[in-house]
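Here is my note on the two-chain model, as numbered points. Please read it with the structure open.

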Amino acid sequence: MPSDPQAYLTLGIFFGIAVAAALVPIGLSHLWLRWFTPAKPGPSKHSAYECGIEATGPARIQFKSQYYVYGIVFLIFDVEAIFLIPIAVAFLDLPLGAVLVAAVFVLLLLESLAWCWAKGYLNWK
Amino acid sequence: MNYLELISHVLPEIAVLVTALVLIGMGCAGGSRGGGKAVLAVTAAGLGLALAAVVFGPESGRLLEGMIVVDALTRLFKAVLLALTLGTALFLFPGGEAGGNEGRGAENSALLLLALLGLLVVVGTENLLLLFVGLELASLALYLMVVFAAPAGRPAEAALRYFFFGSVAAAFLLFGFSFIYGATGSIDLRVIAKVLAAHPVEPILPLGVGLALVGFGFKVAAVPFHLWAPDVYQSAPAPAAGFIASASKVAGFFIVAKVLVLGFGVVEGSADWGAFAMGWAPLVAVLAALSMVVGNLAALAQQSVRRLLAYSGIGHSGFILTALVAANAEAVRAVLFYSVIYGVASLAAFGVAGCVLRARGADRLEDFAGLGRTAPAAAGVLALALLSLAGLPPLVGFFGKFQLFAAALSGGTPGTVPGLLWLVALALLMSAVSLYYYLRVLKQVFFAPAPADAAPTRDTSAGTAVCLVCGSVLVLLGLFPSLVLQPLQRALVQLF
């Protein structure tokens, strides 16, 4: 395996450019702020101009955290089930062992569903 | 691929996994009517089956390019992990942690077994990716165990902190592994070692190893990646803390030693005084020195015994990493031996701390007052565990520490001053410091009068039995260290 430190030089230059590209515009806007736009705070200036509507009420509100349990259960059966697609595609060529492994995987999903059901996490309270 | 061969090599893991699933099924069906005994029986049976599978299973094998490795060393450590987990499981039962545990014993045990499953995978692999998956499985189960059986409040905060630290550390670990893969073209430790021996080192390799060290440093609670440990040890239920301090740490040190010495032995570098050379040894030496100083000095100021044990654990990580810097066969033997006896002593200490916590509602130093009279057995075990941690003969801690330091000094040319003398001198100094805070606890236990209104310290017979077994192991191994050292030596000969 070739080991040429020169090869990393472009990487270093690229890194420097990336950092500069992030910092220079911020620095320029700060300079602009200092020289051309003195601070004139006021209610209309602090309003959310073209950035959504004015917020009302406190940010800390009560909401049902049970939603998250639903979210997790959904994740289990939606995202995890995607792993079955490769098995479905290659189903006819699979050896017995692979089919059994897939069956075990499905049984795992089923057990988690049964657990959630029995514990009452699927009932919206 | 032959499935039967595969299954026969991972039979212990399968036994643990099936037991965990059965336990979840029991939690599903059982509800809250005291199934504690049944849960304990199933857990113990599963662990026993897994142990039998380890003992009577195949003696050696290397499947799927190092993903699954069975040799004398992995079998020995799988057996150790199973035994430590069995001890933890006995602590969990029944009427274990006050409150919250009602009706959730099955799930709690299932989590314990899933964490164990992760650790077994970690121990039984030489593949970086599977190693990562195993560590994550163990970590996810442990985050949950910290909060699972506990009331809301502090444990939740500690678990959240553990989770955040753990996820960031896992990200570092995976990022480091990706660089290692990029630099060597393999995730199999043995192939990595071969590539490193045959080719010049790629400039991105140090970055990869350094990032991976961050992840490992978190796992073994080495300074500066230790900040989660005191909160977790103090706030988690005592069995969970005991598991994190024993089994999880044993597996952590096992894998750190294996990855660094087996995979990256070529790029060790040197931390010898006046002869520093770039490699992982100087980094590990810095981690070791910081851990020893911070852990032992911070432990002096603690009022909570579990927090004190956490800082002492950080200090012990430093002691163990000290020997790892030498990176020869003797050092690996000392590291593995000490991690095992540290695990046993920690389990016993947390068991007694949990028992005091249940009886008196807190674990400040004052709460241990008079324990020597109200609960002589528990006090005796605590004394054995703490004195072993402090390294007093004839307990095994002395022998283990002696081996650690002798291994650290063994490197270098004979007749000259050993290069690691600076680190060992620091370790000896900190070892003396540690004696002070262990004795502070024991002074309360044996010489302070018990408060008049002290509730009698009662514990489940299972918990007491585990404590007594741990205590006798510490004494027995102190008198006959070769009981563990010889199998370890034989196993390591195969490895090197």
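This is a predicted model: local features need pLDDT of at least 70, side-chain atom pairs count only at pLDDT 80 or more; totals for chains, interfaces and linings use all residues.

1. Beyond its neighbours within four places in sequence, B:Leu81 is in contact with B:Leu116, B:Leu119, B:Leu120, B:Val123, B:Ala247, B:Val250 and B:Ala251.

2. Overall form of chain B. Chain B holds 21 helices and 2 strands. Its radius of gyration is 22 Å, close to the 23 Å from the globule rule for 496 residues, so chain B is as compact as a globular protein of that length. Along the principal axes, the C-alpha atoms of chain B fill a box of roughly 70 × 55 × 40 Å.

3. Packing of chain B. Of the 496 residues in chain B, 58% are buried. Take the contacts in chain B between residues at least 6 apart in sequence: 78% of them join residues at least 24 apart.

4. Two cis peptide bonds deserve a look. Most peptide bonds are trans. One cis bond joins B:Val223 and B:Pro224, with omega about 5 degrees. B:Pro224 sits in the loop between helix H9 (204–219) and helix H10 (228–235) of chain B. Another runs from B:Pro393 to B:Pro394, with omega near 5 degrees. B:Pro394 is in the loop between helix H17 (376–390) and helix H18 (396–410) of chain B.

5. Check the positive phi values too. Most residues other than glycine have a negative phi. B:Glu65 has phi near 55 degrees and lies in the loop between strand E1 (61–63) and strand E2 (68–70) of chain B. B:Glu65 counts as partly exposed because it has 13 C-beta neighbours inside 10 Å. B:Ala327 has a positive phi of about 55 degrees and lies in the loop between helix H14 (305–324) and H15 of chain B. B:Ala327 has 25 C-beta neighbours inside 10 Å, so it counts as buried.

6. Now the contact between the chains. Chain A gives 9 residues and chain B gives 12 residues. On the side of chain A that touches chain B, helix H5 of chain A (residues 96–118) gives the most, with 5 residues. By class, that side of chain A has 6 nonpolar, 2 polar and 1 charged residues.

7. Last, the layout of chain A. The domain assignment gives domain 1 (7–40) and domain 2 (66–118) of chain A. The C-alpha centres of domain 1 and domain 2 of chain A are 48 Å apart.

Terms used
Residues are numbered from 1 along each chain as its sequence is written. Chains are lettered from A and ligands numbered from 1 in the order in which they are written. Two residues are in contact if their C-beta atoms, placed from the backbone, lie within 7 Å. Helices (H or I, at least four residues) and strands (E, at least two) are DSSP runs, numbered from the N terminus. Ala, Val, Leu, Ile, Met, Phe, Trp, Tyr, Cys and Pro count as nonpolar, Asp, Glu, Lys and Arg as charged, and the others, Gly among them, as polar. The radius of gyration is taken over C-alpha atoms; the globule rule is 2.2 Å times the number of residues to the power 0.38. A residue is buried if 20 or more other C-beta atoms lie within 10 Å of its own, exposed if 12 or fewer, and partly exposed in between; C-beta atoms are placed from the backbone. Domain bounds come from an automatic or database domain assignment.
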